[in-house]
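Here's a quick briefing to read alongside the coordinates. Have the viewer open as you go.

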Amino acid sequence: MFDVFFVQQLVNGLSIGLIYALMAIGFTLIFGVLNVVNFAHGEVYMIGAFAGLLAITQLAPPLFAVILVALAFGALAGFGLERIAFRPFRRFRDEASLKSKAIREATLLSSLAVSIIVRELAEKIFGSNMQSIPQEYLLLKPIEIGPLSFANGQFLIFGLSIVMLGGLQWLLKHTRVGLSIRAVANNPMGAAYVGINTERTIIATFVIGSTLGAIAGLIVGLYQGAIFPAMGFAPGVKAFVAMVMGGLSSIGGAVVCALILGMAEAITTSFFAQGWGDLVAYLFLVITLVFFPTGLFGGGRERV
Amino acid sequence: MMRFKQCKTLLTTVCLVALSCGASAQNKTVAIGYQAPLSGENAQYGTVFRNSATLAVDEFNKSGRLPGVTIQLKFEDSKSDAKEGVNIARKFSDDASIVGVIGDFNSTVSMAAGQVYAQTKVPQLSQTASHPDYVKISEYQFRNINTQAYEGPLIAKWAFDSGAKKVAVIAIQNDWGQSAAGNFVQGFKALGGTVTETEFFNPGTRDFRSILTKIARSQPDAIFVGAFYEDGSAFLQQKVQMGLKQPVFATSSLYEKKLLELAGPAANGVYLTSTFVVESTEPHVAAFVKNYEARYNGKPQQFAAQAYDATNIMLNAIVAAGGANATRAKVRDALAATKDFPGVTGTTSFDPATREPIKLLSKLQVQDGKFVSVK
């Protein structure tokens with residue numbers, strides 16, 4: 001059982017996990033600041049892919065420029081999303097409202113509503129089927145290293161997740177925006193009292209998180225050869241699981257857990273059947289929540 | 001005074017309505033219920049069904065084959081969800097104007113709805129449900145597609161004769177996929193071949209590399225794929241990327257132009273079967289292709305043709321059942337008596353006892369990005 005095919009299976013698992021990780025990074029960033037799940041992150045991911053695809057079919061620019069287009073649309077989508085689904089629920093500044101569960105749940109539902117509306121709109125406009133992608137843009141070129149086969153997309157995804165994770169850490173630790181994001185995440189009222197513009201910080205968080213989501217959507221779409229309106233749903237669920245397992249606000253933790261999920265799926269397929277892969281992934285979630293209620297990397301936060 | 005005037009207007013309206021009712025008694029409306037996924041993940045198939053069925057009914061109403069009767073299509077969106085399918089079945093059953101139902105898309109939803117139609121005694125004709133148990137629900141279930149019990153062994157023999165002695169099987173994890181894989185495996189083993197690996201993938205899977213690695217390890221001579229074209233094209237692309245060289249044999253569900261667009265050069269070499277060949281020169285097939293293309297800006301594919309034939313078979317049955325006087329029971333009997341129906345998916349008969357359709361299959365191969373007939 002432990003032959004070269006098993007090593008190939010680990011490579012497969014790593015690449016599945018990295019896809020979940022790419023999505024989980026932006027997802028966790030937004031949760032960390034607002035303490036609210038952003039269900040529309042999967043649609044931002046989809047918007048990134050469609051924006052990139054439109055750029056490809058209309059202008060056929062080099063891949064680097066396509067990524068810039070996805071980036072721009074992701075930023076725009078994040079800004080709009082915050083405006084429509086999140087800001088209206090922050091009208092009440094008193095402490096009772098800030099701690100109210102009802103407000104938190106209303107925000108969660110409004111992001112879910114936006115997600116459904118955007119997805120259905122995309123289905124109306126583009127149809128629910130997969131879009132044809134010009135072959136030369138697909139990130140599926142085989143690269144063989146010894147007996148193992150890789151795709152060029154896998155290297156790009158690997159590089160991208162390192163850049164995103166590293167860049168985000170740098171941003172959060174060394175820039176003014178990043179520092180204010182961390183301050184707001186830590187204590188929004190305290191941040192406001194020391195003169196941080198919390199509104200602007202929250203917008204910045206959405207823009208940054210959605211940009212990351214949109215780029216992830218484009219690259220994964222080109223790597224899987226599958227761009228369609230519901231594409232954000234399945235990885236969104238896995239990214240959510242990774243975020244919860246990782247302790248909700250730990251970006252590094254979410255990435256590690258995403259990799260665990262991907263590996264679990266590939267190895268389960270190898271030893272049992274693909275149908276059991278999801279079961280094993282969710283089993284990990286249950287075990288984590290039972291033994292580490294605050295997640296693997298959650299630290300001393302309140303119970304999930 | 002005002003009130004009196006209003007009363008008068010009301011009276012006139014009532015008279016007018018009564019008059020128009022009297023007029024429409026001459027022009028009776030008979031309805032066909034059509035349930036299909038018009039939104040959600042399988043909406044692309046449902047939309048195609050709606051196009052084809054509307055085309056068939058419009059042609060029929062124009063042809064004047066039933067003077068004084070207008071056939072109406074009533075669509076409901078099942079979202080490929082068995083629960084929705086059952087709700088629609090109840091709704092259609094309660095609608096007295098409906099004499100027969102076409103749909104649903106996949107076997108799972110068709111069978112769930114079929115349980116209701118069996119109780120309420122409404123004839124149901126699915127254009128695509130190919131699970132063996134579907135027609136066994138009751139004598140009210142019909143289908144216009146070859147079952148995997150027929151297609152599976154045929155593909156198995158084709159693969160075996162082409163020299164493959166060991167095959168790996170991959171199919172979608174649903175009722176249809178299981179029967180596709182099961183029938184192929186049974187047929188292939190009966191010929192003396194070995195099946196190295198049978199793998200099912202969850203609907204919505206985009207990454208087939210783990211399964212491909214498992215298949216590569218089992219070292220088959222050929223791979224059998226039971227999937228729809230979207231999953232099929234992702235599978236074919238990743239198969240090429242992973243460096244697997246084995247030939248692929250597939251069910252008619254991959255006969256779709258989109259497969260060639262999505263998979264690109266990765267589709268080349270795939271062997272598959274089909275009942276409908278869009279390039280056919282037979283006059284009635286060519287006419288259907290032309291009319292469909294003129295109206296919907298795109299060539300019809302296998303599923304469009306299945307739905308077009310299913311609608312016409314239903315219309316034929318309504319004519320045979322007495323047109324304006326058709327009842328659900330008479331339509332059922334007429335459907336069961338369908339013989340040598342000249343459809344665009346080949347000449348179709350329903351076996352009177354099992355209600356299974358009998359259709360011929362053509363063999364195709366993808367060569368240079370085109371479907372080509374092969375022996």
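What percentage of the 375 residues in chain B do buried residues make up? They make up 52%, where buried takes 20 or more other C-beta atoms within 10 Å of a residue's own, exposed takes 12 or fewer, partly exposed is in between, and C-beta atoms are placed from the backbone.

Bear in mind that this is a predicted model: local features need pLDDT of at least 70 and side-chain atom pairs pLDDT 80 or more, while totals for chains, interfaces and linings use all residues. Residues count from 1 along each chain as its sequence is written, with chains lettered from A and ligands numbered from 1 in the order in which they are written.

**Chain B overall**

- Chain B has 12 helices and 15 strands; these are DSSP runs numbered from the N terminus, with helices being H or I of at least four residues and strands E of at least two.
- Its radius of gyration (over C-alpha atoms) is 23 Å, close to the 21 Å from the globule rule (2.2 Å times the number of residues to the power 0.38) for 375 residues, so chain B is as compact as a globular protein of that length.
- Along the principal axes, the C-alpha atoms of chain B fill a box of roughly 90 × 45 × 40 Å.
- Take the contacts in chain B (C-beta atoms, placed from the backbone, within 7 Å) between residues at least 6 apart in sequence: 67% of them join residues at least 24 apart.

- Neighbours within four places in sequence aside, Leu22(A) touches residues including Ile157(A), Met164(A) and Val220(A).

**Where A meets B**

- Chain B puts 32 residues into the contact and chain A 30 residues.
- On the chain B side, H7(B) gives the most, with seven residues.
- That side divides into nine nonpolar, 13 polar and 10 charged residues; nonpolar means Ala, Val, Leu, Ile, Met, Phe, Trp, Tyr, Cys and Pro, charged means Asp, Glu, Lys and Arg, and the others, Gly among them, are polar.

**A sheet in chain B**

- E11-E12-E13 (chain B) is an open sheet of three strands with antiparallel pairing; strands pair if DSSP finds at least two bridges between them.
- E11(B) and strand E12 (residues 346-350) of chain B are joined by three bridges, and Phe341(B) stands opposite Thr348(B).

Terms used: Two residues are in contact if their C-beta atoms, placed from the backbone, lie within 7 Å.
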